[in-house]
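Work through the following exercises on aromatic rings, using the coordinates shown below.

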Amino acid sequence: MKLTEENYYSSEASQHYMSVSLFKNFMQCEAAALATVKGEWKQEETTALLVGNYVHSYFESEEAHQKFIENKGSSLMTKPNKKEPYGHLRSEFKTADMMIQALKQQPRFVGLYKPGQKEVIVTGNIYGYPWKGKIDSLSLENLYFCDLKTVDDFHKGHWQKSSRQYENFIANRGYFMQMSVYVELIKQTFDVECQPFMFAVSKQDPPDKEAIKFTSDEALMRMEDSMSMIEENQEHIQSIIRGEEEPVRCNRCAYCRATKMIDLPVDACDIEIF
Ligand SMILES: [Zn+2]
């Protein structure tokens, strides 16, 4: 299957190619992820996702941004009323405009992000299975790529139950994995090794902004660990996709709640807390 701009996010594409977001979905809830692959369940389009795409499309091209606004028009606006028959831009997107302005004024962001080719589709084989990725901005001439992230607050701690400690948004959102997979897919697609950079902009007023590199021993180790995590879990995930293993329900996500049937009563002392 050849990936194009049109079919990249299709259910057919996710049946052929693993991706970082799909892998992360499987790690969170196998049942919901499988339903997404089969096209039976669509993840809710959250405001956070829309804000991210709004900012992304602006830096992709003027045309992409206009197209995004046209497509998503009503979800960007408040509900119409007598006083405002067309509504007005929702506050989240006013913040998004502020985030765009904050980045535009940064010479280091403009200098690194702007020259690269935008939304480049890359594919490759990772531990025996085809994977896909989309690079926000790729500069093959200068051997680096950039990924743009919108974040609530860079310095917020995220509780990690397994290691019993707080971690930052990079670890929490699986960005070590995303960066290492992208390095690998770029290598397999273009035969070059590119250095990853991440530009993050926060939703605070005024927005925080940062360029992030992945060069320390610890960062490289986290990237390697994330590849091992793929190696360890991929076979199981693929056998769920092939229908050879039953997916496990997490019993707390939107999919599990929506499809849940009340079974025998649960004891009052046995309700799980997460
Ligand atoms: Zn679930």
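Predicted model: local features only at pLDDT ≥ 70, side-chain atom pairs only at ≥ 80, totals over all residues.

Residues are numbered from 1 along each chain as its sequence is written, and side-chain values use heavy atoms, with hydrogens and water left out.

**Exercise 1.** Classify the aromatic pair formed by Phe59 and Phe109.

Solution. Rings of Phe, Tyr and Trp (its six-membered ring) pair if their centres lie within 6.5 Å, and planes under 30 degrees apart count as stacked, over 60 as edge-to-face and the rest as tilted. A search of the whole structure gives 16 aromatic pairs. For Phe59 and Phe109 the centres are 4.9 Å apart and the planes make 80 degrees, an edge-to-face pair. This pair links distant parts of the chain, with Phe59 in helix 4 (residues 47-60) and Phe109 in helix 7 (residues 107-113), 50 residues apart; helices are DSSP runs (H or I, at least four residues), numbered from the N terminus.

**Exercise 2.** Classify the pair of Phe109 and Tyr113.

Solution. The ring centres of Phe109 and Tyr113 are 4.9 Å apart with the planes at 20 degrees, so this pair is stacked. Both residues lie in helix 7, 4 residues apart, about one turn of the helix.

**Exercise 3.** Which residue has its charged end over the ring of Tyr8, 5.0 Å from its centre?

Solution. A charge sits over a ring if NZ of Lys or CZ of Arg is within 6 Å of the ring centre and within 35 degrees of the ring normal. The residue is Lys134; Lys132 also lies over the face of Tyr8, at 4.0 Å from the ring centre.

Conventions. Helix = DSSP H or I, 4+ residues; strand = E, 2+ residues; numbered from the N terminus.
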